Amino acid sequence: MGIEQKAGEMGVITTTLEQVVNWGRTNSMWPMLFGLACCAIEMMAAQASSYDMSRFGMELNRASPRQSDLMIVAGRVSRKMAPVVRHLYDQMPDPKWVIAMGDCASCGGVYNNYAILQGVDEVVPVDVYVAGCPPRPEGLIHGVITLHDKVRHEKLKTWG
Amino acid sequence: MSDIVAFRDVKVEELKHLLSPRALTGETMLLNMGPQHPSTHGVLRLLLELDGEIVVNCIPDIGFLHTGVEKNMESKLFQQAEVMVDRLDYLNPLGNNLTYCLAVEKLVGLDVPERAQTLRVLLSELTRINSHLVWIGTSGLDLAAMSVFLYAMREREMILDIFEMISGQRMMTTYIRPGGVWRDVPAEFEPAVREFIRIFPARLKEYESMLTNNALFLERTQGIGVISKEDCIRYSLTGPVLRGSGMAYDLRKARPYSGYEQYNFDVPTETAGDVYARYLVRVEEMRQSLRIVEQALDKMPTGPIRSNNRKFIPPPRSELGVSMEALIHHFKLWTEGYPAPKEGVYAATESPRGELGVYLEGDGGPKPYRVHLRTPSFISLQAMPLLTKGHFVADVVGIIGSIDIVLGDADR
């Protein structure tokens, strides 16, 4: 059923570098342990018992940006927090991805005012937007799977 | 990007009014904790002045989650402004709704039917359990007790399922509305709550078996972050912090609202005033909340769930097709809103973190002239320098956990 049958007696499989690297990147994506507001509680719920995001190889939250390759911006980003978010993003090693979780991180949500950034894409490039206020844990997991799909189709020449 | 202020190097001299003189000579070290830190429960930044590993001074820097809620509410109708308070203290959304609704009802003089009152009490107690579950899980994580978190989140899902059943949303329900609640609960509500009441006491024992007598947990919590009753009063701390220091002050008893005087429950207190005492108080509070939930469910009266005052409450959908007046009321309420008198009111409830107050001022129009929120996390944070002084850096995370701050609540 697994890789040993495909490999046969020779113990060799043929694939492309692109595929095998993307496969590796998808299945060991480490998110940064970084919550901002309400969405962070749903992010915690997604990682806890009922939803268990470790099924997708994401159980390891790294508190240090140096060790993580996925930033989940969970919650509203205020103008005071924006430089910090950018700083954290800059500290992450390449390749790195960003999920904007929830309406506030995507577009400002219900807060159209002086204090809140109208979407975190003003400061960092976003790969996947997850809608909802806050999104259900299933919503976040769907966003993560969407990102996995995107990473799986990345081309060799576009690798950063 | 242009209007975002970049980082700036801060010299020690600029901070000298906050630090001890030893910092200027380089004898003590300044350490920056947060805003991105796994144990600050959000985006809190603490500037720690350290002598070796001992905290000499702790300066909380807040505002990283400043949302402009108060200002935003001034530009919305009284009905619309309610969604803002949901997202204020995001572990206590129904309690925030309740406080806001109490203030609006006080301002415009609106009655609330008995069934709605009972539902409000029941739901705000479920919210309290929900909030304490997140607290027990995350502060367990801070003190390296990982499994409590997984257990607590399991029970939390049961409560969230109940919220979703009644309102369609897991967290930001906006279910409690001025003059009552949004709509009546479905038939599955009662069995779901009964099931929770049946299961939860045993689960609570499970958490306690993991923490209460755990030697490591005791080592990390007993005698840490001690605050006396007098200091609590000086800093106007409320909620479990005050009760953990030996004062049985609970707004549900002291100034009952929504019919809390009809329920039998105790106000748990401890005298030690340390992190462990606050832990014991919160665990006991969950047990007492469960008692209130059970009593509320037993006595749940039948009848309307919203006030029948058509000047403030939109008429039922069924009347719109047959009654001209109902149609006019509906149209007026959702386009213009209702005017509030020119006066200020203050309504307060006992949130899981302490006294949550809403001050509303009307100016004769349909929007609040001024909204001020008295949020317990903001007040509790002021005590951080006092609580952390003389403790190890490792204990700072335990102390932050024990005052149970929510940064959305503190920064507003």
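This briefing describes the contact between two chains and then the features found within each chain.

The structure is a predicted model, in which local features need pLDDT of at least 70 and side-chain atom pairs count only at pLDDT 80 or more, while totals for chains, interfaces and linings use all residues. Residues are numbered from 1 along each chain as its sequence is written, chains are lettered from A and ligands numbered from 1 in the order in which they are written, and side-chain values use heavy atoms, with hydrogens and water left out. Helices (H or I, at least four residues) and strands (E, at least two) are DSSP runs, numbered from the N terminus.

**The interface of chain B and chain A**

- With contact taken as heavy atoms within 4.5 Å, 41 residues of chain B touch 41 residues of chain A.
- The two chains, B and A, bury about 3,400 Å² between them, and 63% of this lies on carbon and sulfur atoms; buried area is the accessible area (1.4 Å probe) that two parts lose on being put together, summed over both.
- Three salt bridges are found across the interface of chain B and chain A, a salt bridge being a side-chain nitrogen of Lys or Arg within 4 Å of a carboxyl oxygen of Asp or Glu.
- B:R170 and A:E42 are joined by a salt bridge between their side chains, at 2.7 Å from N to O.
- Side chains of opposite charge can pair when their charged atoms come close.
- The interface of chain B and chain A also holds 13 residue pairs in polar contact, both residues being at pLDDT 80 or more; a polar contact is a pair of N or O atoms within 3.5 Å, where within protein one must be able to donate a hydrogen and the other to accept it, and residues adjacent in sequence count only if both atoms are side-chain atoms.
- On the side of chain B that touches chain A, at least two residues each come from α1 (69–74), α4 (114–142) and α5 (146–167) of chain B, and α5(B) gives the most, with eight residues.
- By class, that side of chain B has 22 nonpolar, 10 polar and nine charged residues, where Ala, Val, Leu, Ile, Met, Phe, Trp, Tyr, Cys and Pro count as nonpolar, Asp, Glu, Lys and Arg as charged, and the others, Gly among them, as polar.

**The sheet of β1, β2 and β3 in chain B**

- Strands pair if DSSP finds at least two bridges between them, and chain B has an open sheet of three strands in the order β1-β2-β3, with antiparallel pairing.
- β1 (29–33) and β3 (54–61) of chain B are the edge strands, each with a single partner strand, so one side of each has no neighbour in the sheet.
- Neighbouring strands of this sheet are turned by 25° against each other on average, direction ignored; axes are lines fitted to C-alpha atoms, for helices over the stretch in contact, and angles run from 0 to 180 degrees between N-to-C directions.
- Five bridges join β1(B) to the antiparallel strand β2 (residues 45–51) of chain B, and B:N32 has B:L47 in β2(B) as its bridge partner.
- Seven bridges connect β2(B) with β3(B), also in the antiparallel sense, and B:R45 stands opposite B:D61 in β3(B).
- The hairpin of β2(B) and β3(B) has two residues between the strands, and B:G52 there takes a positive phi near 70°.
- Helix α16 (residues 393–403) of chain B lies across β1, β2 and β3 of chain B, at about 145° to β2(B).

- Another open sheet of three strands in chain B has the order β6-β7-β8, with antiparallel pairing.
- β6 (344–351) and β8 (368–374) of chain B stand at its edges with a single partner strand each, so one side of each is left without a neighbour in the sheet.
- Strand β7 (residues 354–362) of chain B pairs with β8(B) over six bridges, and B:G362 has B:P368 as its bridge partner in β8(B).
- B:R412 and B:E70 form a salt bridge with their closest N and O atoms 2.9 Å apart, linking the segment after α17 (407–411) of chain B to helix α1 of chain B across 342 residues.

**Features of chain A**

- Chain A has six helices and three strands, which run α-α-α-β-α-β-α-β-α from the N terminus on.
- A cis peptide bond with omega about -5° joins A:D94 and A:P95, and A:P95 is in the loop between α4 (82–91) and β2 (97–101) of chain A.
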